[in-house]
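Please find below my notes on the model you sent.

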Amino acid sequence: MDLNRVQIFSQVVEQGSFTGAAKALGITKATVSRKVADLEADAGVQLLFRTTRALKLTEAGSSYYHRINKILQDLQNAQDLLSASQQDIKGNLKVICPIELGQLFLGRIFARFLAAYPNITIDAELTNRKVDVIEEGVDFLFQITEQQDSRLQSYSLVTASRVLMASPNYLQKHGTPLVPQDLIHHTAIKLQSAHIDGGWRIFDGTHWLDLDPPAQLKVNNVTFAREAASEGLGITAVPVFIAQEAIANQQLVPILEDFPMMQTKVTLSFPQRVYLPRKYRVFVEFLYAALFDRWNEGVLEVPDFVTRKSHN
């Protein structure tokens, strides 16, 4: 068996194209196509349906792909045993995350991780734009969203609890909403980005209400919305961890706390792989250790290779 052909075939399946596999492996598209064709010729069976728009596994190809998963994973595990020390784990990670999550939480984790693994480097981009992980060659994508991409392996990390809030000055001038329907008479500061539509979904005790109060300000940055609300411009909805200090200092006051908002989750995504490179595994394990330390049982989904810690 030509293991190189098998690995190339698995990358074609995971990346969804010959071009994506070539980019991931650092070889030419022609080489990828030839190796897959050779694999099919030797096996005497077609593994992929090829069209001008997409690739699709044949029944034989699907069966073959799932069987080689364990083989390739076992090989990677054996390789990991040969590179067990932290000093031997090396490489670069391209990571993209929301601006506020990076500033308030991930920056410190990345610093500690890189101190523990001195031969790993990270290129981090803080942004609220829409990201195509496969096309941009991203290793890890953090998002605050419910959206999913079938090409990626995704895990919900923690709930990004949101509450409505306004400054004491605003509430003194305009009154405090007592029920969700009152919001339509107030000014909103709306968050809008690739993953947030700007509306507010609130449970009134019986039904979920989709409310869209008038907004004088629309912005794609949570910290910006928090600061504008602190100045008395209007009512906004931001994750609690972003507003904790402003609430503690009484710059902002939570409102309608008896009427929960539809919550989103902080998610971690990375390209589907037959096996995870060692640098991926140690990064994910390190991240989850930090999550357990801060949120403990509030951590939502845990990869099979990560041990959930319990804290007293």
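1. Glu40 and Arg50 meet through their side chains in a salt bridge, with N to O at 2.8 Å. The pair links distant parts of the chain, since Glu40 lies in helix α3 and Arg50 in strand β1 (residues 48–50), ten residues apart. Glu40 counts as buried at 11% relative accessibility, whereas Arg50, with a relative accessible area of 38%, is partly exposed. Please keep in mind that this is a predicted model.

2. The count of salt bridges comes to seven. Another of them joins Arg129 to Glu136, where the closest N and O atoms are 2.7 Å apart. Arg129 is partly exposed at 33% relative accessibility, and Glu136 is partly exposed at 26%.

3. Arg226 and Glu227 also form a salt bridge, their closest N and O atoms being 2.9 Å apart. Glu227 has a relative accessible area of 41% and is partly exposed; Arg226, at 18% relative accessibility, falls under the 20% limit and therefore counts as buried. Elsewhere, salt bridges with shared partners join Glu125, Arg129 and Glu136 into one network.

4. Helix α1 (residues 3–15) and helix α3 (residues 29–43) have axes that come within 9 Å and cross at roughly 115 degrees. The two helices are therefore roughly perpendicular to each other, and the crossing is left-handed.

5. On the α1 side, the contact is made by Asn4, Arg5, Ile8, Phe9 and Val12; on the α3 side, by Val32, Lys35, Val36, Asp38, Leu39 and Asp42. These contact residues of α1 and α3 comprise six nonpolar, one polar and four charged.

Notes
Residues numbered from 1 in each chain as written. Predicted model: local features only at pLDDT ≥ 70, side-chain atom pairs only at ≥ 80, totals over all residues. Heavy atoms only, no water. Axes fitted to C-alpha atoms, helices over the stretch in contact; angles between N-to-C directions. Helix = DSSP H or I, 4+ residues; strand = E, 2+ residues; numbered from the N terminus. Parallel < 35°, antiparallel > 145°, perpendicular 65-115°, else oblique. Left-handed = near helix turned anticlockwise from the far one by under 90°. Contact = heavy atoms within 4.5 Å. Nonpolar A, V, L, I, M, F, W, Y, C, P; charged D, E, K, R; others polar. Salt bridge = Lys/Arg side-chain N within 4 Å of Asp/Glu carboxyl O. Buried < 20%, exposed > 50% of the residue type's maximum accessible area, 1.4 Å probe, protein only.
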